[in-house]
Amino acid sequence: LDPSVELLHNNPCLMEFITSVLALPEPSPSILSFTLRLAGILAAFENRFQHLQQEQLLVRLFGRDGPLNSALWKDASVRSGWVNGVHSMMHHQPALHLLCHGGGLDVIFSLQGDPSLFVASAANQLLVDMLTLSVETEMTKPAGTKDCDWPACARMIIKHIEDSLRSSSASHVEQSLKLLTSLFGSCRAAWTEVLWLGVAKQIESFLMEEPVQAQHMLANLLLKMAWSPVFCDSEGSFWMLVTSALEHLTPVQVGHLAVGLLKLYKCPQDVKIQALTVLLQPMDCILRAASQPLEYAGLLDESISDPITVEGLLSSKSSCASLLCQTLAHLEELLSQSRFQVDLPCASLLRSLMTILQFCNGFLSPASPLGSTISRILINCFRVQSSALDVLAALSDRKGCDTLIESLFDVLLAYLESPNTSPTVLKKTFQATSKWLVRLQELSCSNSQRQQTEKILEDVFLVLQKRLCSPCWEVRDSSLEFLTDLIKCLRDQDEFRQSLLSSEVPRLTENLLEDPESYVRASAVTAVGHLAFITYFAPESPVVGNQYNKENTVAKLQEILSTDPEGFPRRAVISVFTEWLSQGCTGQLEDTGQFVSRVIQTVEHDLDWEVRLGGLELIQDFCHQTFCQLGLPECPDDPVSSAVTSSIHENESLRIFCRAKLFSFLFRSLCDCDKTLGQRACHILLNLSNNFYPLGTPKDLDKTADLPAGHSIAWLERTLRQGSLAQNFPTDGVDFEDPASMMLALGTIDLIQLYDELNKSSDHVEKSPQSLLQDILATVGTMEENEADCY
C-alpha cells in the first residue's frame, strides 16, 4: 500500500469526517472552511488525490456543485478555506486539470478582487503557483511567443493577465500588476521573459499616461524584475523602461524603486545615478528654498524630472511631511548599511538636514516664498524631526562634514534646550548628539579644536543637568540613557571626564536611584554603574577628595537588588555587577568571591527570572576570571599535565567556588520552571565538569564512593531528573559548600543527558498526527464554545 494512501486507511475518521460534513444540509462556515483546508492538504499527494476523486469528494468540495453555488459562499472564511484548500493540493497535474477543466480558474479570477484582502491575496498567489506548475510540468519545448507554445492552463492565465491589463477597469489592471509582481519576485526561470514580452508595451503605455495609473504597483513590479537575473542581465529595453519610470513617476511613487536599485550590484551606473538623483531631489529643493540666491552648492547639478513637481509636493500640507519622511527613511537605509556604499554628497546633505531641523523648530526665517511655505508646514512636525535626526546620526560615520560641526552642534543644542522639543524627538536628539560627540573627539587634535570640544561638552552637560530634573519621566529616562552612551564611548578621553566630573550630572544621576518611576531607576542604575568606571575604577581617576564613595554606591545598588519592588531596576543592578566583574573591577580574587557570594544569595530567591538569569551570567564570568587568575585553562588540552599541575580533589578554584556558594544556585537552577535558566546552569556545570575532569582523565570515583555524600548526590541526581516538577530540592542532604561533595556531583551526575533533556522541545511529545487529530476532535466537540478555525 502506498504510504501516502496508508494515512487514509489507517485513519478512516478523516474520510468519515469529510463525508459527514458534506451530508449536512447547512454546515457551520468554520467547519466547512476547515474541511476544505483538510481535503486540500490530503490531496497534496497524487495517489491520495486519486483516492479522494474516486469517492467524488473533491468535486463535491471544489467543483460547481460544492460551496461555490451555496449561500455559504458569502462567508469569507468559506472562500478562504476554498482557496487555501486548492493551493495545498496544487502540487501535481491532476489537481491542475481538475481546476482548469472544471471552471475553477474563473472562480479564482473573480476572487482576485474579493472584498477580503486575505482571500484576494491568496487567490493572486494561487494563480502564480498554478501558472508556474503548468509551465514547468506541461511545457514540451522551450517557450516561444506563439499561443500554442503555452500549455492550456498557462495559456488561460496569461490571456487573463493580458486582457486585464487592457481593461478599462483600474482594479483589473492592479490585480494583474500584483500577479506579475508576485510571479517575477518568486520565479526566476527563462520563460518569464517570454511572458514579459507579451505585456511590456502595455505596461510602458501606463507610464506615458497623465496621470500615471497604479504608480506604486508599477514601481514594485519593476523593482522585482530588476532583482531577477532574467532581467537584470538583459540589455536595452528593460532598463530603458526603468529609466522612464524614474522620470515619469513622482518621488513619492518611485522612492522605493530608487533605493532598491541603489542596493542592486548589477544595476547599470547611469540608472544608479538617476535613482540617487530621485532620492536627493527633495533635499536639494529644501536647500534651495532656504536661501535666495543660493549661498551654498546644492546637492544636484541637474534633476531628471521637473523641479516644479517636487516644489509642489513640498509646498502642499498634505504631502510635504510624507515626502520628506519617506526620503529621509531611504537615505538612512543607504547610510546605515555598510554592504553597499553609495557615494553621497555628505556636506550638502548635512546642510539640508540642518535646514529641515531649523524649519521644524522655527529657528530659520527663509527669504524665498517657497521656503516660507515649507517652514510654516514643518513647524513642530515631530515625524520629520525624528526622521531627520535618524539620518543625522547615520551621517556621523561619513567623511566630508567636519567643517560644519560647529553649526551642527548649534542646531542640536537648540533642540536639547528648547521646551518645545517633544520627549520622542529629544531622545532622537540625544542619540544624534552622542554619535557626533564621538566624531568630535576623533577630530580634537589641535588646541583650537580642543577648546571647541571643551566648550561643546560644557554646554551639553549644562543642558543635561536641566533635563535630569525634568518633571517628565521619559525625559529623565532618555537623559540617563544618553549619559550612559557617552560614558561607554568617551570615558577614556580626558576632556570628557573633566567636563563630566566638574558638572552636577554625577550627583543628580545618583539621586535618580530613588526616582518614583521604575524605568528611570533602572536607567539610573546603569548610568551609575558606568560612572563608576570614571569615579572609582579608572587607573588615574581625576576625582579629588572623597566626593565619591565606592562602598556607599555598591551598598545602594545591593539594596536596590534586594528591595526594589519592580523588576527593571533589579535587572539593571545584576547587569552592572556582571559588567564590573567582566572588566576586572571588583578587586582581588578573595574580595571578588565575597562580592559574588553576596550577590548570588540575593539573586537566587528573586521572583524575576531575568534577574536569576543575570545571576547565572555573573557566575559564568566569575568562573572564567577565576581560572584565568589561577593560570588554569578553562578546558585543558592536555589532561595529563592538567592532572599534574592540579590535584583533582584539592583544586583551589573548586574551593573558591564552594566558598562563594555557587553550586546551590547552579543545581537549583536546573529545576527552575523557566527552561532558559536550566539550560544556562547546565551549560556552566558542564564546563566546570570538563575543567575538573578533562577529556581522557579517569574520574577515579571509587575513592569517593564511600563518602557520606554519595547517598545525597544520588538523591540530588534523582531530583534533577524530575526537573521543574521536583517538589523538594535537597537543601539539607547535600553540602553544596564541600569541595569533595561537589567534585563527586560533577563526576557522577550525567550532565550531558540533563542538557539534552533541557534542550528537547515539547514537539517530540505533542507534534504528531495523533495529537493533531485529538485537537481537531476536541475542537469539533465544543463548537458552541469555540468557533475558532481548529486548523
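Being three residues apart in helix α27 (residues 494-501), arginine 497 and aspartate 494 are separated by about one helical turn, where a helix is a DSSP run of H or I of at least four residues, a strand is a DSSP run of E of at least two, and both are numbered from the N terminus. The two side chains form a salt bridge whose closest N and O atoms are 2.6 Å apart, the term denoting a side-chain nitrogen of Lys or Arg within 4 Å of a carboxyl oxygen of Asp or Glu. Arginine 497 is buried, with a relative accessible area of 14%, whereas aspartate 494, at 43%, counts as partly exposed; buried means under 20% relative accessible area, exposed over 50%, and partly exposed in between, with a 1.4 Å probe and protein chains only.

## Basis of the model

This is a predicted model, in which local features need pLDDT of at least 70 and side-chain atom pairs count only at pLDDT 80 or more, while totals for chains, interfaces and linings use all residues. Residues are numbered from 1 along each chain as its sequence is written, and side-chain values use heavy atoms, with hydrogens and water left out.

## Overall composition

The secondary structure of the protein comes to 42 helices and zero strands, and buried residues make up 53% of its 791 residues. Among contacts between residues at least 6 apart in sequence, 70% join residues at least 24 apart, a contact meaning heavy atoms within 4.5 Å.

## Other salt bridges

A search of the whole structure finds 23 salt bridges. One of them joins arginine 570 and aspartate 606, with the closest N and O atoms 2.7 Å apart. This pair links distant parts of the chain, since arginine 570 lies in helix α31 (residues 567-582) and aspartate 606 in the loop between α32 (589-603) and α33 (609-629), 36 residues apart. Arginine 570 is buried, at a relative accessible area of 10%, and aspartate 606 is buried as well, at 9%.

Elsewhere, salt bridges that share partners join Lys159, Asp163 and Arg166 into one network.

## The packing of α22 against α24

The axes of helix α22 (residues 382-395) and helix α24 (residues 423-443) come within 9 Å and cross at roughly 15°, which makes α22 roughly parallel to α24. Here the axes are lines fitted to C-alpha atoms, for helices over the stretch in contact, and angles run from 0 to 180 degrees between N-to-C directions; angles under 35 degrees count as roughly parallel, over 145 as roughly antiparallel, 65 to 115 as roughly perpendicular and the rest as oblique. The crossing is left-handed, a term used if the near helix is turned anticlockwise from the far one by less than a right angle, with right-handed used if clockwise.

On the α22 side, the residues that meet α24 include Phe382, Leu389, Leu392 and Leu395, and among their counterparts in α24 are Val425, Lys428, Ala432 and Trp436. The residues of this contact divide into eight nonpolar, four polar and three charged, where Ala, Val, Leu, Ile, Met, Phe, Trp, Tyr, Cys and Pro count as nonpolar, Asp, Glu, Lys and Arg as charged, and the others, Gly among them, as polar.

## The surroundings of leucine 557

Leucine 557 lies in helix α30 (residues 550-563) and is buried, with a relative accessible area of 0%. Leaving aside its neighbours within four places in sequence, leucine 557 is in contact with Leu513, Val525, Val573, Val576, Phe577 and Trp580. With phenylalanine 577, the separation is 20 residues in sequence and 9.0 Å in space, C-alpha to C-alpha.

## Positive phi in two loops

Glutamine 56, found in the loop between α4 (46-54) and α5 (57-62), has a phi near 60°, a positive value in a residue other than glycine. Its relative accessibility of 46% makes glutamine 56 partly exposed. Lysine 661, in the loop between α35 (652-659) and α36 (662-669), likewise has a positive phi near 60°, and lysine 661 is partly exposed, with a relative accessible area of 30%.
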